[in-house]
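This briefing covers charged pairs and aromatic pairs in a predicted model. Please look at the sequence and the structure before reading the points.

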Amino acid sequence: MKELTYNERIAVMRILKDIILADNRIDDRERLLFNEIAKTLDLDESAKEDVDNLNSLLALTVIHDFKQEQKEEFAKMMGQMIVVDRDINYNEVRIYNVVNEFCNIKVEFEMDNYPEYTRS
């Protein structure tokens with residue numbers, strides 16, 4: 001996803017942050033994955049404020065206009081963020097589903113692929 005503009009990369013990180021915050025717990029594994037993705041997207045600490053300041057609905061409008069391949073790659077990132085703490089949270093999946101539907105991503109999150117993970 002390196003071909004994304006700076007604003008597109010910030011939008012990706014905003015939605016991922018929303019998934020992290022959805023269960024009102026920030027697990028160290030979520031934080032680590034978030035930082036790894038930011039690094040992969042060539043975002044450093046200075047981008048944190050831009051992520052925090054971006055409205056989630058505006059982030060959705062940006063992601064809505066991604067190419068299908070970019071949307072599918074983003075769906076994988078969201079899925080990774082949901083399961084990284086080995087707990088599948090209802091609100092995290094709800095966010096995934098809203099993003100998937102609004103942005104017309106067409107990649108369902110398959111909870112059945114993770115029978116060993118807890119559900120909250």
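Asp52 and Lys17 form a salt bridge, with 2.4 Å between the closest N and O atoms. This pair links distant parts of the chain, since Asp52 lies in helix α3 (residues 48-53) and Lys17 in helix α1, 35 residues apart. A search of the whole structure finds 6 salt bridges.

**The network around Asp52**
- Asp52 also meets Lys48 in a salt bridge, at 3.1 Å from N to O.
- Asp52 and Lys48 are 4 residues apart in helix α3, so about one helical turn separates them.
- Through shared partners, the salt bridges join Lys17, Lys48 and Asp52 into one network.
- Lys17 counts as buried at 19% relative accessibility, because the cut-off for buried is under 20%.
- Asp52 is partly exposed at 31%, and Lys48 is partly exposed at 45%.

- The side chains of Arg14 and Asp18 form a salt bridge of 2.7 Å, N to O.
- Both residues, Arg14 and Asp18, lie in helix α1 (residues 6-21), 4 residues apart.
- Arg14 is buried, with a relative accessible area of 8%, and Asp18 is buried at 16%.

**Aromatic pairs**
- The whole structure holds 3 aromatic pairs.
- One of them is the tilted pair of Tyr96 and Phe109, with 5.6 Å between centres and 55 degrees between planes.
- Tyr96 lies in helix α6 (residues 90-102) and Phe109 in the loop between α6 and β2 (118-119), so the pair ties together parts 13 residues apart in sequence.
- Phe109 and Tyr114 form a stacked pair, 5.8 Å centre to centre and 10 degrees between the planes.
- Phe109 is buried at 12% relative accessible area, whereas Tyr114 is partly exposed at 22%.
- Tyr96, Phe109, Tyr114 and Tyr117 make up one aromatic cluster.

Terms used
Residues are numbered from 1 along each chain as its sequence is written. This is a predicted model: local features need pLDDT of at least 70, side-chain atom pairs count only at pLDDT 80 or more; totals for chains, interfaces and linings use all residues. Side-chain values use heavy atoms; hydrogens and water are left out. Rings of Phe, Tyr and Trp (its six-membered ring) pair if their centres lie within 6.5 Å; planes under 30 degrees apart count as stacked, over 60 as edge-to-face and the rest as tilted. Helices (H or I, at least four residues) and strands (E, at least two) are DSSP runs, numbered from the N terminus. Buried means under 20% relative accessible area, exposed over 50%, partly exposed in between (1.4 Å probe, protein chains only). A salt bridge is a side-chain nitrogen of Lys or Arg within 4 Å of a carboxyl oxygen of Asp or Glu.
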